[in-house]
Amino acid sequence: MIYTLTISPAIDYVMHLNKMTAGATNRSGSEEYYFGGKGINVSVMLKNLGIESVALGFVAGFTGRALEEGLAEQGVRTDFVHLNKGITRINVKIKSDLETEINGQGAIPEIKDFDALADRLEKLESGDMLVISGSIPRGLPGDTYDRLLTVASDKEVMAVVDTSGELLLSTLKHQPFLIKPNIDELKELFGDSIEPLEGAQKLHAAGARNVIVSLGGKGAMLLSEDGEAHYCGVPSGKVLNTVGSGDSMVAGFLAGYTETGDYQKALELGGAAGSATAFTPGLAARETIDRCLSEIVNQ
């Protein structure tokens, strides 16, 4: 089973305006909302690709209930820790002449809530996968990921880590099955002159078993645990939204690897899922992913 962990999930409320005027009452032309958070995105995309998962994390208040119920309607299984105070955060994204985002803080877990989350991980079994995504929010200790990954390692769970900077480096001692930095994050770690393969090799040597480097419009590369470098290009399409694209790539790779055990095929499905979401207002449907995959495979 694949488990995804989102420490601070959200409801993304997107408002479209022709023009926004500061200091005045503005009215939207249309709105939509999405259930967000990096791990949530992975679980939804896995469901779209026909792979079951369980979404873990913290929810609170009426927005937390809405998120939980909305995921259930999409067929996504959840096992959230319910907080006693606050609400699951709402992120307001204004699409207008100037795009503006206001990200909510949301409910802050207490240590006892973190302990309850750690108890959830005790249910995992050898061979399961645990996807940990994003940063550590205020209110939780800086060694949160270390503690969670220690539990996963002790139970021989395959960890997938999608974060950046020093936090990413701190997880490598646990030898995660997969990490997915993009080229900009590689440069932040190793300097502007770093090449994708060189950066992946450094992360591989530090403990990561498989390293995907997202190259934006140039596709992606994978340094697999057998030392082989794999590459995939990008399909044609108009980029509408990059939110969730990286999470979709992770989901696509895991789906491809689960189904085939083939690193190249997994990378290609990951690239197709990431691109398909970039071409879609929300997370991509299977038919869009399949179209992108066909184009990537035939390049």
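Residues are classed as buried when their relative accessible area is under 20%, as exposed when it is over 50%, and as partly exposed in between, with a 1.4 Å probe and protein chains only. Helices (H or I, at least four residues) and strands (E, at least two) are DSSP runs numbered from the N terminus. The model is a predicted one, in which local features need pLDDT of at least 70 and side-chain atom pairs count only at pLDDT 80 or more, while totals for chains, interfaces and linings use all residues. Residues are numbered from 1 along each chain as its sequence is written, and side-chain values use heavy atoms, with hydrogens and water left out.

Helix H1 (residues 38-48) is largely enclosed by the rest of the structure, because eight of its eleven residues are buried. The buried residues in H1 are Gly39, Ile40, Asn41, Val42, Ser43, Val44, Met45 and Leu46.

Two packed helices are described by the angle between their axes and the distance between the axes. Axes are lines fitted to C-alpha atoms, for helices over the stretch in contact, and angles run from 0 to 180 degrees between N-to-C directions. Angles under 35 degrees count as roughly parallel, over 145 as roughly antiparallel, 65 to 115 as roughly perpendicular and the rest as oblique. A crossing is left-handed if the near helix is turned anticlockwise from the far one by less than a right angle, and right-handed if clockwise.

H1 packs against H8 at an angle of about 45 degrees, with the axes 8 Å apart. The two helices are therefore oblique to each other, and H1 passes H8 in a right-handed crossing. Contact (heavy atoms within 4.5 Å) is made by Lys38, Asn41, Val42, Met45 and Leu46 of H1 and by Asp247, Ser248, Val250, Ala251, Leu254 and Ala255 of H8. By class, this contact of H1 with H8 has seven nonpolar, two polar and two charged residues; Ala, Val, Leu, Ile, Met, Phe, Trp, Tyr, Cys and Pro count as nonpolar, Asp, Glu, Lys and Arg as charged, and the others, Gly among them, as polar.

Helix H8 (residues 245-260) also meets helix H9 (residues 263-278), the axes coming within 7 Å and crossing at roughly 150 degrees. H8 and H9 are therefore roughly antiparallel to each other, and their crossing is right-handed. On the H8 side the residues involved are Ser245, Ser248, Met249, Gly252, Phe253, Ala255, Gly256, Tyr257 and Thr260. These meet Tyr263, Lys265, Ala266, Leu267, Leu269, Gly270, Gly271, Ala273, Gly274, Ser275, Thr277 and Ala278 in H9. The contact of H8 with H9 has ten nonpolar, ten polar and one charged residues by class.

Two buried residues were examined individually. Threonine 63 belongs to helix H2 (residues 61-73) and counts as buried at 2% relative accessibility. Not counting residues up to four places away in sequence, threonine 63 touches Ile11, Ile87, Thr88 and Ile90. Valine 14, in strand E2 (residues 10-16), is buried with a relative accessible area of 6%. Leaving aside neighbours within four places in sequence, valine 14 is in contact with Ser30, Glu31, Glu32, Tyr34, Lys93 and Lys95. The C-alpha atoms of valine 14 and glutamate 101 are 9.1 Å apart, with the two residues 87 residues apart in sequence.

Polar contacts are pairs of N or O atoms within 3.5 Å; within protein, one must be able to donate a hydrogen and the other to accept it, and residues adjacent in sequence count only if both atoms are side-chain atoms. In helix H3 (residues 111-121), which contains arginine 120, the arginine 120 side chain reaches the backbone oxygen of phenylalanine 80 at 2.8 Å. Apart from neighbours within four places in sequence, arginine 120 is in contact with Asp79, Phe80 and Val81.

Lysine 173 lies in the loop between helix H5 (165-171) and strand E11 (178-179) and is exposed, with a relative accessible area of 60%. The side chains of lysine 173 and aspartate 146 are joined by a polar contact of 3.3 Å. With neighbours within four places in sequence left aside, lysine 173 is in contact with Asp146 and Ala206. Glutamine 175 lies in the loop between H5 and E11, counts as exposed at 54% relative accessibility, and has a positive phi of about 50 degrees although it is not a glycine.
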